[in-house]
Amino acid sequence: MTAASAGGIKTVLHPVSDLTTAKEVYTALIGAPPQIDGTYYVGFDVAGQHIGLVPGGGPQRMTAPVAYWHVPDIEAKLAEVTAAGATVREPVRDVGEGRLVATVTDPDGNVLGLLQDR
């Protein structure tokens, strides 16, 4: 992998209107309780993937699920995909514990997430 290569989709965030009910549904679906259980975010780790529930779509105002591509160098990948025609929707930001995220839209308006763990 080069510095700008993607490691695949390993994180999918779902906006939810009722976090308590959504947590119950996803717990039943997954068959295990969440590993992260807060009022602002609930996260499940399942078979190498992270499934997150974001109440109200969070600060990024998500209206649909967003799949996050894990990359070793988020700035390089952001530059590469924007040069290819994507548009920055949410610039790189630190969401805590060294995790960087950004989102772009492809030419058809689909939201693509980028995620780098430092």
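Asp 117 is partly exposed, with a relative accessible area of 42% (buried is under 20%, exposed over 50% and partly exposed in between, using a 1.4 Å probe and protein chains only). The model is predicted, so local features need pLDDT of at least 70 and side-chain atom pairs pLDDT 80 or more, while totals for chains, interfaces and linings use all residues. Residues are numbered from 1 along each chain as its sequence is written, and side-chain values use heavy atoms, without hydrogens or water.

**Salt bridges**

- The count comes to five salt bridges (a side-chain nitrogen of Lys or Arg within 4 Å of a carboxyl oxygen of Asp or Glu).
- Asp 117 pairs with Arg 99 in one of them, and their closest N and O atoms are 2.7 Å apart. This links distant parts of the chain, since Arg 99 sits in strand S7 and Asp 117 in strand S8 (residues 111–117), 18 residues apart. Arg 99 is partly exposed too, at 27% relative accessibility.
- Lys 23 and Asp 37 form another salt bridge, at 3.0 Å from N to O. Lys 23 belongs to helix H1 (residues 19–30) and Asp 37 to strand S2 (residues 36–37), so this pair ties together parts that are 14 residues apart in sequence. Relative accessibility is 23% for Lys 23, which counts as partly exposed; Asp 37 is partly exposed at 47%.
- Within helix H2 (residues 74–83), Glu 80 and Lys 77 lie three residues apart, about one turn of the helix. Their side chains meet in a salt bridge of 3.2 Å, N to O. Lys 77 is buried at 12%, whereas Glu 80 is partly exposed at 41%.

**Strand pairing**

- Helices (H or I, at least four residues) and strands (E, at least two) are DSSP runs numbered from the N terminus; two strands pair with at least two bridges.
- Strand S1 (residues 9–16) runs antiparallel to strand S5 (residues 66–70), joined by four bridges. Take Ile 9, whose bridge partner in S5 is Trp 69. Ile 9 is partly exposed, with a relative accessible area of 35%.
- S1 is also joined to strand S4 (residues 49–55), this time in parallel and by six bridges. Here His 14 stands opposite Leu 53 of S4.

**Positive phi in loops**

- Most residues other than glycine have a negative phi.
- Ala 47 has a positive phi, near 50°, and lies in the loop between strand S3 (42–46) and S4. Ala 47 is exposed, at 82% relative accessibility.
- Glu 97 has a positive phi near 55°. Its loop lies between strand S6 (87–96) and strand S7 (99–105), and Glu 97 is exposed at 86%.
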